[in-house]
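Me: Please take a close look at a single part of this model. Then set that part against the rest of the protein.

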Amino acid sequence: MKLYLFIMSLFFCSIINAQNIVTGSVTDSNKQPIPGANIRVAGESEGTTTDSDGNFKLNTAAKLPFSIEVSSVGYGVKKLKITSENQKVAIVLTDEETKLDEIVVSASRTPERVRESPVTIERMTIKDIKKTASPTFYDGLENLKEVHMNTSSMSFKSINTRGFATVANNRFLQLVDGMDNSSPLLNFVLGNLIGVSEIDVQNVELLPGASSALYGANAFNGILFMNSKSPFTYQGVSAYVKYGSTSQNAAGTNEYYDYGVRVAKAFSPYLAAKANFTFLKGTDWFSTNYNEYRNGLETGNTREFYGYDGLNVYGDEAALNLKSRQAFGSAPYNILPNDVITRTGYNETDLTENKVRNAKVDFSIHFKPFAKSANYSDIELIAQSKFGFGNSIYQGASRYNLNNFFIQQHKLELKGKNFFIRGYTTTEDGGKSYDMTFTALNINRAWKSDQAWFQQYGAAYILSTLAGQAPSGAHAIARNFADYNITPDPSTGINLPSVAALGGGQPRFMPGTPEFKNAFNKVVSDPDVLTGSKLVDNSQIYHSDVNYNFKDIFKPAEIQVGGSYRLYDLNSHGRIYTDDLSHITYNEYGIYTQVQKKLMEDRLKLTGSVRYDKSKNFDGNFSPRVSFVYAVDQQKNHNIRGSFQTGFRNPTTQDQYIGFDIGSRVLIGSAEDNLLRFNEVRGENINGSGLISDYGVGVLGATTKTLNGEDAYYNSFTEESYLLFDSAYRSGPPSGLANAAKLLVKANVALVKPEEVKAFDLGYRGTAKGFSWDVNGYYNIYNNFIGNYNVVTPYYGTAVTNPDTTTNTSANALANRDSRVYQIYTNTDVEITSLGFGVGVSKKIIKNFELSANYNYAEFSFDKEKDPSFEASFNTPKHRVKASISNDNLFKNFGFNISGRWNQEYLWESTFADGMIDAATVLDAQINYNIPSLKSILKVGATNIGSKEYYQVLGAGAIGQQYFVSLTINP
């Protein structure tokens with residue numbers, strides 16, 4: 001409260017008594033009003049915007065005579081001299097390429113022209129949204145320079161700028177009207193699922209680099225700002241409807257529709273309100289990649305392979321080396337193969353409807369208590385609520401069906417020309433969401449336990465082998481017997497016991513049958529991982545921001561101060577996090593300041609800023625930034641920019657507090673208090689872990705073993721050394737245990753801490769002979785990069801490098817498969833660097849045709865030999881090219897846009913799968929017709945025209961073609 005009073009007192013101290021009023025209208029060359037045009041006093045920050053009828057009123061303390069500048073996106077800048085009090089003007093703007101003169105706010109938290117921005121910035125305006133050939137404006141962001149999309153679902157796309165991004169891009173921040181769109185539980189943006197309606201978008205600004213100096217810990221590799229329209233400026237009823245189809249080889253042709261409505265009303269100069277509603281429904285891209293991947297390569301194994309683990313097949317994660325369990329007696333035990341056998345799984349298409357639904361609703365009330373005051377007309381109080389719910393597919397360590405999920409945000413904000421105070425909360429509910437891996441595992445277990453299935457498989461394999469079958473035939477017979485109760489033909493001479501004698505029953509639940517549906521419904525509604533797969537989440541964040549700009553008080557330089565506070569309240573009821581006994585809460589805060597100064601007749605702008613952030617579990621971090629912008633010529637047509645800044649990223653809630661069993665391993669967060677919060681019991685077929693070996697029971701003196709996070713972090717071997725050990729041991733006689741143990745390496749894992757980046761940027765913006773150029777290059781140095789490691793923890797013995805097998809039983813535990821795999825969170829000690837550059841060019845040619853193109857190069861460097869367990873997950877093509885040609889007025893009322901993009905193949909790395917993503921060429925096109933009498937636009941478009949299907953995420957569905965027709969009506 002003291003801080004609030006202090007800032008308000010500073011604001012009111014800035015009152016300047018002398019005022020001049022300028023009123024007028026802004027229209028285009030066709031005498032149509034231009035809403036949202038910017039009017040500002042030349043050389044000053046004072047300004048206003050036009051309302052929906054193109055009218056404005058400007059209050060200024062500038063002394064007569066002075067000049068005003070009027071601009072709007074897509075039009076030339078008009079400068080007009082004001083010579084008298086209460087002067088009324090009529091201004092006509094002409095259509096012109098003015099991208100360097102557009103006003104942006106995000107780069108420096110203060111209005112400035114694009115040409116003056118100290119960092120690389122991309123922008124999408126209302127005009128760009130109108131002409132995009134993509135189905136939605138959010139899809140259209142992919143055509144911006146430096147943007148690469150990671151598509152997990154038709155309705156779930158995450159933005160990747162400058163690499164190191166999976167679907168869960170927690171190095172990227174997205175703000176809608178100042179509110180962080182990230183999931184409270186998972187700490188990453190859910191695409192536009194709770195974003196903004198395209199008929200309510202005022203503008204979109206993208207900063208592709210580190211911005212921690214102004215925006216804090218999560219602004220590590222980029223920020224997207226989506227700003228909605230003010231109901232004071234844009235009034236009336238707007239609506240759109242889209243109808244079309246999607247086409248994919250796996251899914252066929254399916255219809256989809258998307259519609260929305262916006263209602264806004266200014267009841268008086270003091271009070272206005274708006275409401276938005278949008279709804280999308282369609283069929284998602286089917287995920288049907290049944291290849292098997294290991295170590296980043298396709299194995300070539302098919303479903304007939306006894307150890308098959310397909311990418312979009314689930315339930316086959318249940319695996320066992322039959323030779324490691326003496327469940328069949330000593331004589332036949334020697335016949336069992338030294339092979340890892342997997343249960344028969346279910347396809348992803350069996351486990352989800354593949355239906356996409358997304359509804360967004362938002363309401364806001366805007367109050368300007370001093371609207372007619374000469375001094376305080378910009379002060380505005382906003383109360384806003386946003387709701388998003390629907391279905392989608394998210395891919396992390398597994399594939400998750402977000403079914404009837406629900407997210408809501410509520411904000412209260414007071415802002416003025418030089419300040420804002422904002423507070424909001426985000427709450428989510430997982431609804432009926434579920435994990436596909438555990439859905440399949442537990443449907444299988446509802447039919448037959450893992451223990452019974454592997455016993456039947458082993459018995460059938462032994463008897464088939466004794467009857468003379470080759471290994472391949474014995475495996476086939478064993479699987480048919482264990483899955484379907486199919487006994488071999490009597491002519492084979494194989495005499496198998498009855499399935500009932502081995503604990504069997506009805507054949508395996510087959511998709512589409514009542515038995516399968518009943519088991520499915522029961523499993524997805526059960527949050528217990530032993531029997532179900534439901535994801536439970538009722539987490540929240542509480543966040544506040546404050547900022548004040550002293551530019552009207554202190555003239556020698558522009559100084560800003562600000563800060564933020566955030567409280568996390570995690571509540572997954574023990575399903576995802578270790579919060580089964582109580583909620584997990586922790587906080588973080590930050591403060592910052594920035595100073596800007598213009599020199600050399602405003603041709604040189606210097607900026608310096610620094611921020612301090614502190615999170616409950618980590619030491620504080622300082623993030624400085626220094627930058628310059630220099631106009632080479634007097635007309636400022638050629639501008640050079642450069643910046644150096646440091647950024648950091650706090651470990652996410654997942655990195656710290658997750659305790660999530662995904663079957664093949666458990667994800668354990670690295671917060672110190674989380675290590676003992678997590679524990680699990682292994683053995684006696686608990687959670688599909690199988691029996692502890694006879695040797696292990698003898699060592700433990702029990703048939704179960706309880707493990708916790710300290711076992712995973714402090715008593716484990718690296719997975720790479722375990723795989724080498726296992727291969728060496730299985731290929732030789734038991735006496736080779738001591739030699740195989742020499743390959744084991746203890747995992748020395750430190751608890752996770754913040755990662756850091758040093759970012760160098762250099763760029764040029766300019767115009768020459770009608771061409772607009774934007775060139776940028778960057779070089780980043782990353783330290784303490786956060787990543788995941790898989791480790792193997794023995795049930796008994798001490799994990800040390802090259803354990804002595806005569807005194808240490810840890811190697812025996814691994815040899816008998818008395819061990820557990822954990823995925824843990826830590827930092828690599830190896831420095832990572834990345835570099836890239838981009839070139840963007842645009843030009844208007846004859847008859848309003850506009851050509852634009854951009855190219856991006858990106859690569860990173862990491863010494864894998866120094867840390868072979870670490871995956872950087874760069875997930876970015878080295879080369880990308882994008883181009884478009886458009887004309888807003890091809891002939892009367894008709895416009896069109898054709899855009900294309902190409903990217904080179906690239907390596908995809910994630911906790912779900914590693915492998916290559918093929919190169920892709922994508923062509924989109926649209927033609928639109930303006931209907932003036934209805935104030936509407938009819939658009940017909942298509943994406944991925946004539947091109948083959950392509951992937952952006954290994955494990956997600958192939959992206960096919962999309963066709964649509966839309967009608968948008970504006971007031």
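Reply: Start with Lys 935. Lys 935 counts as exposed because its relative accessibility is 52%. Exposed means over 50% relative accessible area, buried under 20%, and partly exposed in between, with a 1.4 Å probe and protein chains only. This is a predicted model, where local features need pLDDT of at least 70, side-chain atom pairs count only at pLDDT 80 or more, and totals for chains, interfaces and linings use all residues. Numbering runs from 1 along each chain as its sequence is written, and side-chain values use heavy atoms, leaving out hydrogens and water.

Lys 935 sits in the loop between strand E52 (920–931) and strand E53 (936–943). Strands are DSSP runs of E with at least two residues, helices are runs of H or I with at least four, and numbering starts at the N terminus. The backbone of Lys 935 deserves a look. Its phi is positive, about 50 degrees, although Lys 935 is not a glycine. Most residues other than glycine have a negative phi, and most peptide bonds are trans.

Now compare Asn 875. Its phi is also positive, near 55 degrees, and Asn 875 is not a glycine. Asn 875 lies in the loop between strand E47 (850–861) and strand E48 (879–891).

Another backbone feature is at Pro 65. The peptide bond from Leu 64 to Pro 65 is cis, with omega near -10 degrees. Pro 65 belongs to the loop between strand E4 (55–60) and strand E5 (66–71).

Two further loop residues have listed side-chain partners. Take Glu 146. It falls between helix H3 (137–140) and strand E11 (147–153). Glu 146 is buried because its relative accessible area is 2%. Its side chain makes a polar contact of 2.8 Å with the side chain of Asn 776. A polar contact is a pair of N or O atoms within 3.5 Å; within protein, one must be able to donate a hydrogen and the other to accept it, and residues adjacent in sequence count only if both atoms are side-chain atoms. Leaving aside residues up to four places away in sequence, Glu 146 touches several others, among them Arg 162, Tyr 778 and Arg 880. A touch, or contact, means heavy atoms within 4.5 Å.

Then Ser 398. This residue is in the loop between strand E27 (380–395) and strand E28 (399–415). At a relative accessible area of 1%, Ser 398 is buried. Its side chain joins that of Thr 437 in a polar contact of 2.7 Å. Apart from residues up to four places away in sequence, Ser 398 touches Asp 435, Met 436, Thr 437 and Phe 912.

Finally, the whole protein. It has 17 helices and 54 strands. Buried residues make up 58% of the 971 residues. Glu 146, at 2% relative accessible area, is one of the buried kind. Of the contacts with a separation of 6 or more, 66% link residues 24 or more positions apart. The C-alpha trace spans about 110 × 55 × 50 Å along its principal axes.
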